[in-house]
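Please keep the sequence and the model in view while reading.

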Amino acid sequence: MGNFWLLATEATEHGFGLNFDVLETNLVNLVIIIGVLVYFGRSAVGKTLATRREEIENAIKDAEERQRKAASALKEQEQNLAQAQAQAEKIRQQAVERAASAKAAILAKSDEDIQRLKDTAAQDLEAEQSRVIAELKKRVVALAMQRVESQIRDELNDDLQHQLIGQCIARVGGNG
């Protein structure tokens, strides 16, 4: 309140009045404002700064926690990736083994098929040879019979026929 008295001066004639000396009143007003700000503002600014500091610390803690969680999630995903890669390699290896097994089975089956075809061809060839040989035998016999018949007709006359018949009878009669 002492400062207030500097602004207001007592005039002897009129009572209270205002001091309009700019240099004197501005300096006093400035000191009063700074004093009020320091006295009342220190706690408000301190509270604001403390609140701001707590907010920043909480934000840093939250960021650190998110970073830890992200690092943990990254590590877990890296493990999952490694497991997936191992599983993919295992599947690829199994596919290679199955392909080799299928190849061997196909080769064995084709070898069996080739042998079966060879056996069938050999049997067909033997059957065809037997048929051709039988046909040739028939033809040879037929040709031989034709030739013999032709020779017999040409060479066999009535006298020769009577003579052969007589010889046959004599043989039969002599044995019986």
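Residues are called buried under 20% relative accessible area, exposed over 50%, and partly exposed in between, with a 1.4 Å probe and protein chains only. The model is predicted, so that local features need a pLDDT of at least 70 and side-chain atom pairs count only at pLDDT 80 or more, whereas totals for chains, interfaces and linings use all residues. Residues are numbered from 1 along each chain as its sequence is written, and side-chain values use heavy atoms, with hydrogens and water left out.

The confidence of the prediction is expressed by pLDDT, the predictor's confidence in each residue on a scale from 0 to 100. The chain averages a pLDDT of 83, and 84% of the residues score at least 70. Over residues 1-12, however, the pLDDT is below 50, and this stretch has 18 contacts in the model beyond near neighbours in sequence, a contact being heavy atoms within 4.5 Å.

Secondary structure is taken from DSSP runs numbered from the N terminus: helices are H or I runs of at least four residues, and strands are E runs of at least two. By this assignment the chain has 3 helices and 2 strands, in the order α-β-β-α-α from the N terminus on. Helix α2 covers residues 22-155. Of the 176 residues in the chain, 2% are buried. The chain exposes about 16,000 Å², 60% of it supplied by carbon and sulfur atoms; such areas come from the Shrake-Rupley method with a 1.4 Å probe, and for residues only the protein chains shown count as cover.

One segment carries an annotation. In an unreviewed entry, UniProt lists residues 27-45 as "transmembrane region"; UniProt positions are given in the numbering used here, feature names are shortened, and annotations may be inferred rather than shown by experiment. In the model this span is 100% helix and 0% strand, and its end C-alpha atoms lie 24 Å apart.

Which residues form a nonpolar patch on the surface? L30, I34 and V38 do, with about 270 Å² of accessible area together. Patches are made of residues with over 30% relative accessible area and no salt bridge, like charges being joined within 9 Å and nonpolar side chains (Val, Leu, Ile, Met, Phe, Trp, Tyr) within 5 Å. I34 lies in helix α2 and counts as partly exposed because its relative accessibility is 46%.

Charged pairs come next. A salt bridge is a side-chain nitrogen of Lys or Arg within 4 Å of a carboxyl oxygen of Asp or Glu, and a search of the whole structure finds 8 of them. One joins E57 to R53, with the closest N and O atoms 3.3 Å apart. Both residues lie in helix α2, 4 residues apart, about one turn of the helix. E57 is partly exposed at 37% relative accessible area, whereas R53, at 58%, counts as exposed.

Further along helix α2, D113 pairs with K109 at 3.5 Å between the closest N and O atoms, again with 4 residues, about one turn, between the partners. D113 has 22% relative accessibility and K109 has 45%, so each counts as partly exposed.

In the pair of R131 and E128, the closest N and O atoms are 2.4 Å apart. These two residues of helix α2 are 3 residues apart, about one turn of the helix. R131 is partly exposed at 48%, as is E128 at 38%. Elsewhere, salt bridges that share partners join K109, D113 and R116 into one network.
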